[in-house]
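Please examine the structure shown below before reading the dialogue.

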Amino acid sequence: IFMIEKTTVTPELLKENLAVAASSGALSEYKERQLSVINRVQDNYVFLLKGIKQFLIRGGAGTGKTWIAMKMADRSAAYNERVLFVCVSKHLCKMVNEIVDQNVHVYSLESLFREGIQGFTNFQDFKFGDATRLVPNYCKYDAIYVDEAQDFTEHELRKTLTRCHDSTKVVVCGNIIQTDLKYKQDSGLMKFLNAAEREDFIKICKLTQDFRGKLSKWADNVR
């Protein structure tokens with residue numbers, strides 16, 4: 001038994017601290033292994049989908065849609081492509097902007113429209129015909145990544161996709177189960193997914209593996 005800064009250190013306390021340290025180390029190694037698995041899965045998707053020009057990625061929460069989209073956007077930027085990443089949430093935009101390559105242009109849908117359309121104030125007062133003035137903004141990009149597409153209304157998603165050229169790589173990611181819109185039926189993603197299933201030129205990739213922990217999965221299912 002000895003003293004350190006007025007704290008009595010016994011053999012039992014030493015054993016307890018060593019056990020906690022060992023447990024923390026094992027947990028850290030476990031998390032690293034889990035992240036390694038997640039990265040490998042996502043990297044495989046990026047590799048397998050790299051040759052497809054236009055496709056939709058659908059999957060539930062925790063399946064890695066946003067991370068896959070960000071990795072694809074970074075890959076496009078690495079090939080000196082002009083890249084646009086767009087979603088509805090300003091908070092998601094901020095997070096993505098802090099992670100992806102600085103050459104990836106990250107916009108919320110509102111900020112993109114505000115920059116591209118003179119006099120734009122909000123979507124409530126927005127007229128569909130005004131979106132034609134967005135053509136120069138979209139045409140300057142080689143690759144466009146649309147994330148959290150379930151938060152786009154049918155008109156917003158149509159305004160976005162009808163302004164994309166056939167030569168542009170277009171990736172749309174979304175979850176048909178959840179949306180931040182006030183009314184779920186206002187989401188336009190399901191309609192475009194159903195339409196895409198009838199076409200050959202656009203592919204659909206469905207993610208099924210949920211990488212979240214037990215607590216997150218449990219909390220998500222509490223109703």
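The model is predicted, with local features needing pLDDT of at least 70, side-chain atom pairs counting only at pLDDT 80 or more, and totals for chains, interfaces and linings using all residues. Residues are numbered from 1 along each chain as its sequence is written, and side-chain values use heavy atoms, with hydrogens and water left out.

Trainee: Is Phe-152 buried or exposed?

Mentor: Phe-152 lies in the loop between strand 6 (143–146) and helix 6 (154–161); helices (H or I, at least four residues) and strands (E, at least two) are DSSP runs, numbered from the N terminus. Buried means under 20% relative accessible area, exposed over 50%, and partly exposed in between (1.4 Å probe, protein chains only). Because its relative accessible area is 0%, Phe-152 is buried.

Trainee: How far apart in space are Phe-152 and Leu-189?

Mentor: Phe-152 touches Leu-189, among others, where contact means heavy atoms within 4.5 Å. The two residues are 37 residues apart in sequence, and from C-alpha to C-alpha their separation is 7.2 Å.

Trainee: How does Glu-81 count by relative accessibility: buried, exposed or partly exposed?

Mentor: Glu-81 is placed in the loop between helix 2 (65–78) and strand 4 (83–87). Its relative accessibility is 31%, so Glu-81 counts as partly exposed.

Trainee: What do the buried residues of helix 6 line?

Mentor: The buried residues of helix 6 are Glu-156, Leu-157, Lys-159 and Thr-160. Because they fall within an arc of 160 degrees seen down the axis of helix 6, an arc taken from the directions from the helix axis to the C-beta atoms, they line one face of the helix.

Key:
Lists of a residue's contacts leave out its neighbours within four places in sequence.
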